Amino acid sequence: MLGSPILLDIVTTFHQFNKFLGSDGGSLLKVGFEFLLFMLIAYMTTSQYLKNKNRQIKYLSISFLTLSLVKGITTVFYVGTIFGGLPRVWIDVIIPPIESTFEVIALFLLGVALTYQLLRIKVKNLRERFYAACGTITLGSCLFLTYWIFTFKSRPYELFFHSPQHIIFETVKLIVIGTFVGFILNNREKAIKVEKYAMVIVHALAIYAIPPMLHIINFLFFDGTSIRIRVLANPFPFLAVFLFIRYSYLKMADKASLMDKLDLTEKKYKKIKQVNRLKDEFVSIASHELKTPLTSINLYTSLLADGTLGQVNDKQKDALLTLKGETKRLTNLVNDLLDLSRIQNRKLILKKEAINFHHMVEETLDGFRAQNPQMTISNKVPKELQGLMDQERIRQVLINLVSNSAKFTPDDGVIEVSGRKTARSVIFSVKDNGKGIPKGKLNYLFQKFYQVDPHLAREEGISGLGLGLSIVKGIVDAHQGEITVDSTIDKGTKFTIKLPQERKDNSTPLRSL
Amino acid sequence: MTTRPKLVIVEDEKPIAKAEELILGDHYDVHLAHDGEQGWSKIVEVRPDVVVLDVMMPKMNGFELCKRIREDDRLATTKIVMVTAKNQDKDEAKGMDFGADDYIMKPFEPVELLHVVRQVLNE
């Protein structure tokens, strides 16, 4: 099998190809190819930089532009030597150190670009030390190059690739690449967080480091004479460049898919905005359409009951007052529904102002005292208690809570409103000695339409949609406050509300997406 | 003989307009209009002491009409009462911004309307 003629042919072809790669023609092919590939990456990174002036991309772009330039110059000289009869001194002696120097600089910039974001996260003086070290190496290489160019004239004609100077450059390259690879691998998790394709870069750089390693091995163990080793180094730069291209392509593909997602999100956003607008219009229209006939009904019933449209007897007057009462009930339900709609869509606009809380509580309770003459309804809020709140809305909260208490407390019961001020908030509570609420139902209390005992409620003529408490919660939430309830069966219920007093920017409604 | 104050009611809902006339007719000379533009011509013609404006109206809503009245020097002494449905809390602020003197919210009692108009005239 090993001796089979086909296999021998393949191996021979491979050897010959490798030998070709070691020759001038092969070098031209290699460097020309590298030039094209680096140009491609340089083009990709530069156009990305021109779009969004990202510093990291800038370094990447400069590094690949440098590499392309250098490989381009080398290609030109190889072409000149092979086809144009240019003296060999250029490609053997002069160009290689220049190429190597710029390669080192480009690798340094590449490393900077890749570790830029990582270093930003790390401690400042570590970053500075790191840059200083790498900068020194690069600067050193440039100085060495200058020295070499000035002294080569006095030296005997020697091939760069057999010279110790070449090995020095290769060592410098290896150190620069190794430092960056080591740094990234050491901070592997951070690197991947910051750059998704950090490992692709690491692989490319590692592969790029193989030729220098092989050249050094060649120099150390074979005195630089092993052609096999020199030739073995040939394919790796290609691989490295291909990996760099893959990295650029992956970044662009990512960007494209991000743009697609962004597009989709934008469309969804527009649609939701439109739906919200329709909801707003609905509330507006419903408000007008429902309240207008109610207004008419109320006005005419009042006019009739007043006697403005003619004398009415007592029975008629009673009937008309009943009508008025029912109209008021309907109006309250409509208001509740609209309030709830606004609260749900977070369209509640609060008008916070400093008010005398005791005064407002007193005014509110007066109404209830008139309707429940036998009940003890007391205002235990300190007379000077001032608070920052939307007066009308908190009045609504009070009315809802007190009317709930009044509903579920016996006629001769006690309702008490108290309040106090702390450093950052106003806390008030509404307490009664009524029926109480079973512990199990406390959790559901603030859900809309929830009624603790709908059958009982209807029996006793207590009505409503069960919206009162969810509106209360909505208003308290809009104030960024808290509401808690404490209740014992047959002993009573206590609602406690805490309203923060810091003037936060809550005068604009929260828009829900 | 003292002349009664002149009043223009601009309200597109006819039942409500009529009811408002019934409420205010005993004390004031009431003129009716049923949309914003008609309202404007009536106001310019009559030069009333008080205007009762509904907010939501066809052809010109209450705010625009209010603004127009305020921009006209001939109507400098005219008081404006706006009737809102309280669908947006900022209606009140908006109305005041446009130069209304007071507002009343639907639904209201006859006495409330009378009270607001009286107040606005006595200021």
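In the predicted model, Asp477(A) is partly exposed, with a relative accessibility of 40%. Its salt-bridge partner is Lys473(A), and the closest N and O atoms of the two side chains lie 3.1 Å apart. Lys473(A) is likewise partly exposed, at a relative accessible area of 30%. Both residues belong to helix 16 of chain A, which covers residues 468-478. Side chains of opposite charge can pair when their charged atoms come close.

A second pair in chain A, Glu103(A) and Lys173(A), also forms a salt bridge, with an N to O distance of 2.9 Å. This pair links distant parts of the chain, since its members are 70 residues apart. Glu103(A) is placed in helix 4 of chain A (residues 89-121), whereas Lys173(A) is placed in helix 6 of chain A (residues 164-186). Glu103(A) has a relative accessible area of 6% and is therefore buried, the limit being 20%. Lys173(A) is buried too, at 7% relative accessibility.

In chain B, a salt bridge joins Asp72(B) to Arg74(B), the closest N and O atoms being 2.8 Å apart. Elsewhere, in chain A, salt bridges with shared partners connect Glu34(A), Lys71(A), Glu99(A), Glu103(A), Glu170(A) and Lys173(A) in one network. Over all chains, the structure contains 17 salt bridges.

The contact between the two chains was examined next. The size of an interface is often given as the accessible area lost when the parts come together. For chain B and chain A the buried area is about 2,100 Å², and carbon and sulfur atoms account for 57% of that area. Chain B contributes 20 residues to the contact, and chain A contributes 21 residues.

The count of salt bridges between chain B and chain A is 1. This salt bridge pairs Lys324(A) with Glu109(B), whose closest N and O atoms are 2.5 Å apart. Polar contacts across the interface of chain B and chain A involve 6 residue pairs, with both residues of each pair at pLDDT 80 or more. On the side of chain B that touches chain A, helix 1 (14-24) and helix 4 (90-98) of chain B each provide at least two residues. Helix 1 of chain B gives the most to this side, supplying 6 residues. By residue class, the side of chain B that touches chain A is made up of 10 nonpolar, 2 polar and 8 charged residues.

One further position in chain A, Ala209(A), was considered. Ala209(A) sits in the loop between helix 8 (198-208) and helix 9 (210-222) of chain A. With a relative accessible area of 8%, Ala209(A) is buried. When neighbours within four places in sequence are left aside, Ala209(A) is in contact with Leu174(A) and Ile177(A). The C-alpha atoms of Ala209(A) and Ala233(A) are 9.9 Å apart in space, and the two residues are 24 residues apart in sequence.

How values were computed: Residues numbered from 1 in each chain as written. Chains lettered and ligands numbered in written order. Heavy atoms only, no water. Contact = heavy atoms within 4.5 Å. Buried area = accessible area lost by both parts, 1.4 Å probe. Salt bridge = Lys/Arg side-chain N within 4 Å of Asp/Glu carboxyl O. Polar contact = N/O pair within 3.5 Å; in protein donor to acceptor, adjacent residues only side chain to side chain. Helix = DSSP H or I, 4+ residues; strand = E, 2+ residues; numbered from the N terminus. Nonpolar A, V, L, I, M, F, W, Y, C, P; charged D, E, K, R; others polar. Buried < 20%, exposed > 50% of the residue type's maximum accessible area, 1.4 Å probe, protein only.
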